[in-house]
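I start with the terms, then go strand by strand.

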Amino acid sequence: MTFKKNERHKVVVVCDNSMHGCPWRCTASQQEDGHTIKVVRLNDEHECVVGNRKQNKMADCRFISTELEDVFKCQKKSYTVGMVIREGWKRFQIDITYWVGWRARTIALEKIYGDYAGSYSLLPEMCRQILKNNKGSIASVSTDDADNSFTGLCITYKPFIDGFKKGCRPVIEIDDTHLKGKYGGVILAAIALDGNNGMYPLAIYVCQGEYRETWTAFLTIIKPLICEHEKPINFISDRQKGLVESVELLFPYNYHIYCFRHLWANLKKMYKDDHTRHLVWGTTKAYTKSEYRVWAKTLKKHDQGAYEKLHEADVHTWARSHFDEGSNCEHITNNFSESFNSWILKPREIPIVPMCENFHTKMMNLLYERRNKGKRWEK
C-alpha cells in the first residue's frame, strides 16, 4: 500500500498497482481529538494480481511507442506517462518503469508531430510565413548571440489583436505554464476577458524559464498592442517577483491586481480558523468601499494581526471595492488563467512548431464557436 497526504489532515491509501489501474483506495481523516482516524471512503475491490508483476527487457521504449502509437493519435487530451504505464500493463501485463514510459511517449509524439530539435530550426520560416499571410500580426523569434541557441518566441495574430481592442475588457491576466515536451521550457501567456467573461488568449511567449528578463522581453513586445485599447489596462497575476518588477517597469501607471488565492495561501499558515477565513475573504470580496469598511472593521476587532498582515499589500491590489471602475472586472483570482492552462494542455507536450499551429487552430475554433453561439442569442 502507498500512503499519500491530502489537504485538511486527510490520508489516502492506494494499492501499489494503482498506476496499472487498480481502483483499491481508502480515504481517512484525522478527527479533532488528534487520535481518532475516521474512514471517509473505501473502495475495497482489487483489479490486480498483487505480487505477480512481470518485467520484460524486450519491452523497451521503442516497442512500447510502436504498440501505443495509435492510442496517441486518437487521444484528444494530454497522454501522460502514467497512462502509458497503465496501458502497457493492460495490454501486455508487463511492468514498465517511468523512464521507459517517458521515452516511449516522446518517441511516439516525434513520430506523429516531428522531431523536437528539428522543430526549432523551422521557427524563423514559420514567423516569416505568419507575418506574410497575417499582416499586423506579431511573430518574432530570438536567439543567443554566442551560440545561436533558441531563447524566445512570441506569437499573436492580427484578428486576435482586433478582437481584443473591439470586444474585450481592459483586463489582462499574465501567467506561465510549463511545457511537457522533450526539452521543457515555459509558456508565458497574456489572457484577456471578453464581454461575456470568456477566456480570450491574446499572446504567448515560449522560452526556457520564467525570469524577470523573459517577462520584460514578452511585455515589451506586446506593449504597443496593449496600449491600443481605449481604456487603461488592469493586470492580474500571482505576484511573482520578476513579473511584478517587469509590470512596474513597463506599465508604471496601470493597476496591478494580485490573485487573492495566492495571498491567502500565505495568510492561512498563521490564521487557520474558519471565522478569520470568512472575514478575510469577505473583506476582499466586498463590492463597495462602505461594505469593505464594515468587513475590515469586523476583521480588525476579531484579529488585529490578521488585519495588519492582510493590509501589508496595497488595498488596491487585492480588494474588489478598490479596483479600477473602468475595468468592469470583478475577478479577485486568476481562475481564467487556470482555464487556459487546461485548454492548452495537449499542445504543451508536442514540438514547438506544431504547438503554435495547434494554438492557432484552437483559437480559431474558440472564436468560431462563440460567434455561432452569439448569433443564437435573443436581441
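I count two strands as paired if DSSP finds at least two bridges between them. Helices (H or I, at least four residues) and strands (E, at least two) are DSSP runs, numbered from the N terminus. This is a predicted model, where local features need pLDDT of at least 70, side-chain atom pairs count only at pLDDT 80 or more, and totals for chains, interfaces and linings use all residues. Residues are numbered from 1 along each chain as its sequence is written, and side-chain values use heavy atoms, with hydrogens and water left out.

Entry one: the hairpin. I looked up E5 (residues 138-143) and E6 (residues 150-156); they run antiparallel and are joined by 6 bridges. Ser-142 faces Gly-152 in E6. Between the two strands lie 6 residues, and in this hairpin Asn-148 has a positive phi near 65°.

Entry two: the sheet. I read the strand order as E5-E6-E9-E8-E7-E10-E11, an open sheet of 7 strands with mixed pairing. E5 and E11 (255-258) are the edge strands, each pairing on one side only. From one strand to the next, the twist averages 20°. Angles run from 0 to 180 degrees between N-to-C directions, with axes as lines fitted to C-alpha atoms, for helices over the stretch in contact.

Contact means heavy atoms within 4.5 Å. H15 (residues 352-375) lies across E6, E8 and E9. H15 runs at about 175° to E9.
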